[in-house]
Amino acid sequence: MGSVADKRCIVIGAGVAGAACAHTLAERGWSVQVLDPSAQPAQGASSVPVGILSCHASPDDNPLSQLTRKGLEQTLRYLEQHLKHGEDWAPVGVLERRWAEQPHAKKPWVDDPAHSPWQGYVTHAPKDLLEQAGLPTEHSQDLWQPKGAWVKPQAFVRALLTHPNIAFLGQHEIDSLTYQAENAEWNLRIKHHIHIPSMGTSYTFTTESAPVVVIATGADTPEMLHNWLQENDRGMHPIAGQVTWGVQDPALPSALPPFAVNGHGSFVAHVPTANGKAWFTGATFERHQFMVQNQAQGHQDNLNRLSQLLPKAHAAVASTHPAHAPFQSWTGVRCATLNRLPKLGSLNLEKKPGLFLCAGLGSRGLTTGLLCAEVVANQMEGRSQTLTASMIQAMRGT
């Protein structure tokens, strides 16, 4: 867009992607309104109780690997400055399980400190960490990510939105989005639900407008593009998922690893909650679904994967969980893409000027959200990008 004179922007969606875009723009002097149909931020996929920050480790250093490595550094810097260590997040490291006997076995990992871009990010898992997790140490292909962490997404989103240049407007459901060429602004018709006792629900409508709009609506993005703008879905699709969790028994801490684990589902423990420290495992992966189909089966699937991921932790959780008591759960819907890269940038600068996309972050949104927001903001302002041209092309919103 080149130099921007009118720095007003509306961000649609108050999850990690939307909050990251709002924060990045606000830091650059923009006045940002964040609109969301929920009363509070982070009520969609970003409402998951805890998430893991890690790189996508690949021996060939593919685009997703490059994106997550750079995104991890940016996110960690922000968390160090703005979130409570040990309460909202913790840099505990991440152990990545890899099975050579899988039908599609991953390429062997080669540690090459002198020439590898992974130096300081990924290495073969040390023997003592494998022993701590109750895993075999001989012929292990497992990896260790010392910069990995867990974070509470809702705390992350709240911090991002706490800025004098950001106004959060909850219970703002977008009814339509149209471009007004005469004043070069996007008009958003907002639907407000009003409950009237004995009469049911009624609606009122208001309008918000700005020259620049960012669509960051997660799994709702494909439908939004189609219904509002007659645009295709850019290969984005919903994935419903369920996390299984429980409050830790006092006897559990020594049986549960102090670091996070992923690779076949994920596991993280010792996370403080209102009811005490808790463990979390999951999530299930139901493609093209907006709702988990069977929560009881979801719990079983998560626990089955945990029994393979961390047999020792699975045995400890199973032995201390009260008989016949239900596990606790979280369910939500992520937005993924066919190439696993986010969809970022202008939808069409000529036909839809000022309309940008930040969606499809999938399960790596916590790691890459701030970096994705920077890519979008740089395009808005006509700044040079810190990522390669080929990577920007792979993530284009068109």
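**Cysteines, cores and sheet of the predicted model**

The sulfur of C372 lies 5.4 Å from the closest cysteine sulfur, that of C358, which is too far for a bond, a disulfide being defined as a pair of cysteine sulfur atoms within 2.5 Å. The structure, a predicted model in which local features need pLDDT of at least 70 and side-chain atom pairs count only at pLDDT 80 or more, is described with totals for chains, interfaces and linings that use all residues. Residues are numbered from 1 along each chain as its sequence is written, and side-chain values use heavy atoms, with hydrogens and water left out.

The structure holds zero disulfides; C335 is in none, and the nearest cysteine sulfur, that of C358, is 11 Å away. C372 counts as buried at 1% relative accessibility, as does C335 at 5%, where buried means under 20% relative accessible area, exposed over 50% and partly exposed in between (1.4 Å probe, protein chains only).

In soluble globular proteins, nonpolar side chains tend to be buried together. The largest nonpolar core has 61 residues, of which V11, L83, F156, C358 and M380 touch the most other members; such a core is a set of buried Ala, Val, Leu, Ile, Met, Phe, Trp, Tyr and Cys residues joined through side-chain atoms within 4.5 Å. Helix α8 (residues 365-381) supplies the largest share of this core, nine residues, helices (H or I, at least four residues) and strands (E, at least two) being DSSP runs numbered from the N terminus. Apart from this core lies another, of 22 residues, among them I10, I215, L225 and L229. When residues up to four places away in sequence are not counted, F156 touches V16, T75, Y78, L79, L83, V151, L366 and L370, contact meaning heavy atoms within 4.5 Å.

Six strands form an open sheet with mixed pairing, in the order β9-β2-β1-β13-β21-β20, two strands being paired if DSSP finds at least two bridges between them. Strands β9 (166-169) and β20 (343-348) are the edge strands, each pairing on one side only. Strand β2 (residues 31-35) runs parallel to β9 and is joined to it by four bridges, with V32 standing opposite I166 in β9.

Several backbone features fall in loops. The peptide bond from G282 to A283 is cis, with omega near -5°, and A283 is found in the loop between β17 (276-282) and β18 (286-287). Although not a glycine, D61 has a positive phi of about 50°; this residue is placed between β3 (51-53) and α2 (63-82) and is buried, with a relative accessible area of 18%. R234, also not a glycine, has a positive phi of about 60°, lies in the loop between α5 (221-229) and β14 (236-247), and counts as buried at 11% relative accessibility.
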